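Welcome! Please take a moment to look over the sequence and the 3D picture before reading on.

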Amino acid sequence: MNKSNFRPWYMIPYMIWIAFFVIAPIVLIFYYSFFDITGAFTWTNYVDFFKSTYLILTINSFWYAFLITFFTLLIAYPTAYFITKTKHKQLWLLLVIVPSWINLLLKTYAFIGIMGLHGPINAFITALGFDQQQILFTDFSFVFVAVYIFIPFMILPIFNALDQLNPSYLDAAKDLGASGWTTFRKVIWPLTLNGVKSGVQVVFIPALSLFMITRLIAGNKVITLGTAIEQQFLVTQNWGMGSTIAVFLIIFMFIIMRLTATKEIGGKKHDKVK
Amino acid sequence: MTKPIIRFEHVSMNYNDSKLILDDISFELEEGKFYTLLGPSGCGKTTILRLIAGFMEPTQGDIYFDGELVNNIPANERQVNTVFQDYALFPHLNVFENVAFGLRIKKVNNKEVTERVLEALKFVSLAGFENREITEMSGGQRQRVAIARAIVNDPKVILLDEPLSALDLKLRSEMQYELRELQQRLGKTFVFVTHDQEEALAMSDEIFVMNEGKIQQSGTPLDIYDEPINRFVADFIGESNIVEGRMVRDYLVEFNGKQFECVDGGVKPNEKVDIIIRPEDLVITTQGAGMIDVEVDTQLFRGVHYELSTYDADGNEWLVHSTKKAEVGETIGLHFDPEDVHVMRLNETEEAFDIRMEAYGGAEDE
Amino acid sequence: MTKLSKGPKIYLAFVFLILYLPIFYLIFYSFNSGGKMSHFESFTWEHYAAVFEDTRLLVIVLNTIIIALFSALISTTIGTLGALSIYFMKNKKARETVLSLNNILIVSPDVIIGASFLILFTMLGVKLGFASVLISHAAFSIPIVVIMILPKLFEMNTSLIDAALDLGATRKDVLKRVILPYIQPGIFAGFFLALTYSLDDFAVTFFVTGNGFSTLSVEIYSMARTGVTLTINALSAILFVVTILLVVGYYFISKRSKTSIAGVKR
């Protein structure tokens, strides 16, 4: 192989990047988690984490992340499925992606207007004869906006999985007597599970650590691990505690990645990359 | 006489109102026979298969299955199973569950599923492989799993869409024997699609040669090989020497400026015809001793025989298969018998062809 | 293709309506002469004029663009070198390790990246501001560039390199004349993605930006919490149009690159 003959000088910038921006930050987070606000070594951050406030926060985070992921998947899967059936599917897919190219803050900001007391939703509600509703600063608004933000990221991997599905599998299932629903349950869903898993991965982990939407839409409450970290680092200036929460978030992240690790169905892809 | 299991009546098919895929096709398939749809890619053979399977509805015409009109019956409600070209074995299920797929859908009880799947696997000589993953199976084994998955449902007709095309040459000829033998043991109707004429000749009870959405000729392998109806069939099945000629009268034909005896008749005198002579029917003799003289241009050793490319005085090429050797540049004589000369009328329909064959016989009556 | 029946069509229409609702809502009120995002009074361009009069806002927009362009350039360069490094690694284990290290930043939540970078910059004594934001953006875009380029490298037929060497090319020639042209579509895609990641980033910037320096996301965040003028709406509308133009540009580049890849394959 001639591959080995290339000199490794050009590896240097990339390796520096790995050292400084991948390894060092994680090490530093671990390191800082053992210091209190005055800079003295301590275990108390870890002890504190297992006290009720942070445990409830963690459970809350997981609950919200679960809800967000669930509803995102519920909306994204049929959307991806129907898009693969359209004539110009690549164009429709592009149209799904376009909103995700618009600055996140702008979209969130728009929802503040839409859901506000004088916004169109409340105008609609009052027009129907009901009283004005406080939509903003509720759990519903938080989950709704988060789902909105994540939908394109869920649609993409599922669309790809569906699009790569060999149509002769569907013919085969039909040929063997399966109805549309059975084909979906027994063939399409299991064969696109990898796409679903990647989608869950790219939604669940960020959903655990949301803080901007929480602040703006859910009304400045500290309800997720993300908000807690931001609070500790930028408001309380307690980097030690912030790092400790971050350590747990990193651990959760690895667990989730393990759980959603995609198994190669059929192992065909391995042949390509020798 | 067995009853027809599948009947096509004036079936036409076109996509998006543009290209005609099938052009007014009618035929009957009898129960328990091995049929082959043979033709180049794009001739419409796979479309016929998909129509029988129920993946498509014909644009025009009717399809009958076991005497019932099935135009609008979807694939999952037909007693037909398909062995797909790429096998379409579900990668997320192991061998057992792949074969069991159809039975599970019919909610057959577990005990019976196990029995029938194991039996089907035994039938295709894959006993003991039930717990393997599909990825662990070789091409030939996957092929058999696909067949087992089809036969386990006890369908009346099994459709095979070029199932051997992904296999290497040796395996392919092995599978030809196996498939043929399997069909005879099962006694079911097989409809086999291929573009490989050797495969078709080796396996079929009856061959439908197709081109451009039409059935060109149907018949037993021997019929089709010996009496091709037109230039296309002659060219597609086996190798042939085709020259233009003129019918002098019954049993006498003229080509290469000479008149030759033949066994065909029923053609108007002086009508232009195509003459075909198979390369293996040409026998090498010395110059002047045969019917025509040719000069040897090239010679290839093909294992069982020599393949000679020769040219006559008019510049027509004559391909000769011979166990005897010749010298390049040498002029040799070629001998053939009257029954080796096959006369084809231009644009003759299959019906007219069949009637003429009935009346005048041909190679069949030997 | 089977045609979609009515139900799915309505469903898709509904999803797309929701997806675009906030964007068009913003743009709609950017023309409102009343000062709020409710009660549309009459049509006006005044908020657009205000965008171009607000020098502070313009500086922030400029900052955002400069950061995006420079960070994309830096990350594309280092990312390309990184992809080549991974491709030419002989040891399979080492390659997989580096690849998983590469992917850590892609899956890491923004908060963690922001917090850890904040610690890093404080430790190294980097002053928070333009430099820290630029470095952070380049840093979190590098793995994305690598991911965009690697598949192109792996789908490249290795005999292309052998053929070039066989024809007398030096290793430098091989890189310049064979590999780089081949992976060019991946490099472009990586650059565009880095650009959008940078433009879109809020969380990381929020952590590592100091007092004096602000990007658009951070600015909107602070405004959204205190009270907003329709100037932001007008700005959103302008940004939307620019984004659409970028998307269309990206679409055509990727489309062209697709055909060129097919050309190579043939």
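The briefing below covers confidence, a sheet, one lysine and the chain contacts.

This is a predicted model, in which local features need pLDDT of at least 70 and side-chain atom pairs count only at pLDDT 80 or more, while totals for chains, interfaces and linings use all residues. Residues are numbered from 1 along each chain as its sequence is written, and chains are lettered from A and ligands numbered from 1 in the order in which they are written.

**Confidence**

- Chain B has a mean pLDDT of 88 (pLDDT is the predictor's confidence in each residue, from 0 to 100), and 97% of its residues reach 70 or more.
- Over residues 362-366 of chain B, pLDDT stays under 50.

**The sheet in chain B**

- Chain B holds an open sheet of 4 strands in the order 2-1-4-5, with antiparallel pairing; strands (E, at least two residues) and helices (H or I, at least four) are DSSP runs, numbered from the N terminus.
- Strand 2 and strand 5 (68-69) of chain B are the edge strands, each pairing on one side only.
- Strand 1 (residues 4-14) and strand 2 of chain B pair in the antiparallel sense over 7 bridges, where pairing asks for at least two DSSP bridges between two strands.
- B:Met13 has B:Leu22 in strand 2 of chain B as its bridge partner.
- In general, strands of a sheet pair through backbone hydrogen bonds, either parallel or antiparallel.

**A closer look at B:Lys33**

- B:Lys33 sits in the loop between strand 2 (20-30) and strand 3 (34-38) of chain B.
- Why does B:Lys33 count as partly exposed? Because it has 17 C-beta neighbours inside 10 Å; buried means 20 or more other C-beta atoms within 10 Å, exposed means 12 or fewer, and partly exposed is in between, with C-beta atoms placed from the backbone.
- Leaving out residues up to four places away in sequence, B:Lys33 touches B:Thr189, B:Asp205 and B:Glu206; contact means C-beta atoms, placed from the backbone, within 7 Å.
- B:Lys33 and B:Leu201 are 168 residues apart in sequence, and their C-alpha atoms are 14 Å apart in space.

**Where the chains meet**

- 19 residues of chain B are in contact with 18 residues of chain A.
- Helix 2 of chain B gives the largest share of the side of chain B that touches chain A, 3 residues.
- That side of chain B divides into 10 nonpolar, 7 polar and 2 charged residues (Ala, Val, Leu, Ile, Met, Phe, Trp, Tyr, Cys and Pro count as nonpolar, Asp, Glu, Lys and Arg as charged, and the others, Gly among them, as polar).
- Chain B and chain C do not touch, and their nearest C-alpha atoms are 11 Å apart.

Definitions and conventions
Two residues are in contact if their C-beta atoms, placed from the backbone, lie within 7 Å.
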